[in-house]
Amino acid sequence: TSILELKSIPEHLLVIGGGYIALEYGQMFRRFGSRVTILERSDRLMPKEDDDVCETLTEVLNSEGIDVLTNTSVIKYENLAAGGTLATIERNGMQETIHCTHVLLAAGRKPQTETLGLENTDIKLDARGHIQVNEFLETGVKHVYALGDVKGGAAFTHVSYNDYVIVSKNLLEGKSLNTLGRQVPYCMFTDPQLGRIGMSEMEATEKGKNFLVAKIPMKNVARAIENSETKGFMKAIVDKESRQILGVTIIGEQAGETMTILQLAMSAKMTVDELANMMFAHPLYAESINNLFLSIA
């Protein structure tokens, strides 16, 4: 949060981590004029995403002059008397140093539960300190609930808000809403955006799903061509038998908006054949949904 308080643009910003916050801020400050270096300790950025997602986003960042160093860990930092910070890193088994003016720690956060005195209650924590809840977001103590990032899982604002909807409706209106089967969409606001809902190709493979992959590059999307925004692709994971969508990943202009249309289609259990033949207004990004699913017709 403190990076938002800067009064001047960093000359050289060292970003620790290769996730959403790291890539959003890294690209933003590069466009502001900073030299940017991103360090990721795994062998690629965004290791929980599919290979093609990582490759595409890495190409985008590299094309803007951002240095991406993978298989890299920070050993120590040293503030220099002359100004700036000297970071000692280990990369592929070798140590080296990076002289930067600012360091952004974007490798995740831990929940602030240590000072709550929960050891004096029956509220349980997991190994990382998150509060454990059931599907109604109730803790181990009846009528005590935990909402948002503190309970673990996807740390997105819209998840916290939906948590509030569940608890408030249940308490104030006598509903029985819960988190079972809840869809969790997300969007990374790099340029181009990454929008995703449901299973990735990697997850579908790990779960042994019998699936098809529908994929088209954004350079084949008419609206993207018209807007000269042709980086990225649209990809959907489709159950081979039911022909319903298991997951969607889109990298491109307005990716989050197009992903949301397909999220609604998933909720309605529409088949890809219905979507392939549906009429969409021209010229919209949504119109490319036809071509996406015609690719596996």
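In helix α1, the residues Tyr20, Ala22, Leu23, Tyr25, Gly26, Gln27 and Phe29 are buried, where buried denotes under 20% relative accessible area, exposed over 50%, and partly exposed a value in between (1.4 Å probe, protein chains only). The model is a predicted one, in which local features need pLDDT of at least 70 and side-chain atom pairs count only at pLDDT 80 or more, whereas totals for chains, interfaces and linings use all residues. Residues are numbered from 1 along each chain as its sequence is written, and side-chain values use heavy atoms, with hydrogens and water left out. Helices (H or I, at least four residues) and strands (E, at least two) are DSSP runs numbered from the N terminus.

Helix α1 comprises 13 residues and reaches 18 Å from its first C-alpha to its last, close to the 18 Å expected at 1.5 Å a residue; the expected span is 1.5 Å times one less than the number of residues. The buried residues of α1 pack against β1 (12-16), β2, α2, β7 (102-105), β8 and β9, contact being defined by heavy atoms within 4.5 Å. Just after the helix, Gly33 takes a positive phi of about 125°.

Six aromatic pairs are present in the structure. Rings of Phe, Tyr and Trp (its six-membered ring) pair if their centres lie within 6.5 Å, with planes under 30 degrees apart counted as stacked, over 60 as edge-to-face and the rest as tilted. The ring centres of Tyr20 and Tyr186 are 5.4 Å apart and the planes stand at 55°, so this pair is tilted. For Phe29 and Phe32, the ring centres are 5.4 Å apart and the planes are at 80°, so the pair is edge-to-face. Both residues of this second pair, Phe29 and Phe32, belong to helix α1 and are three residues apart, about one turn of the helix. An α-helix has 3.6 residues a turn, so residues three or four places apart point the same way. Phe29 counts as buried at 5% relative accessibility, whereas Phe32, at 46%, counts as partly exposed.

A further interaction with an aromatic ring involves Lys215, whose charged end sits over the ring of Phe233, 4.4 Å from its centre. The criterion requires NZ of Lys or CZ of Arg within 6 Å of the ring centre and within 35 degrees of the ring normal.

The largest nonpolar core holds 28 residues, of which Met234, Ile245, Val248, Leu262, Leu275, Leu292 and Phe293 touch the most other members. Such a core is a set of buried Ala, Val, Leu, Ile, Met, Phe, Trp, Tyr and Cys residues joined through side-chain atoms within 4.5 Å. Two or more residues are given to this core by each of β10 (211-217), β11 (233-239), β12 (245-252), α6 (255-267), α7 (272-276) and α8 (288-294). Helix α6 gives the most, with five residues. Residues up to four places away in sequence being excluded, Leu262 touches Ile245, Val248, Ile250, Leu275, Ile289, Leu292 and Phe293. Apart from this core lies another, of 27 residues, which includes Leu23, Tyr25, Leu57 and Leu104.

Leu39 is located in strand β2 and is buried, with a relative accessible area of 3%. Neighbours within four places in sequence aside, Leu39 is in contact with Leu14, Val15, Ile16, Gly17, Gly18, Leu69, Thr72, Val74, Ile89 and Ile98. The C-alpha atoms of Leu39 and Ala106 are separated by 9.9 Å, the two residues being 67 residues apart along the chain.

Several backbone features occur in loops. A cis peptide bond with omega of about 5° joins Asp191 and Pro192, and Pro192 is found in the loop between β8 and β9 (193-198). His282 and Pro283 are likewise joined by a cis peptide bond, with omega of about 0°; Pro283 is placed in the loop between α7 and α8. Although not a glycine, Met46 has a positive phi of about 45°. Met46 lies in the loop between β2 (35-39) and α2 (51-63) and is buried, with a relative accessible area of 4%. Arg243, also a residue other than glycine, has a positive phi near 65°. Arg243 is found in the loop between β11 and β12 and counts as buried at 17% relative accessibility.
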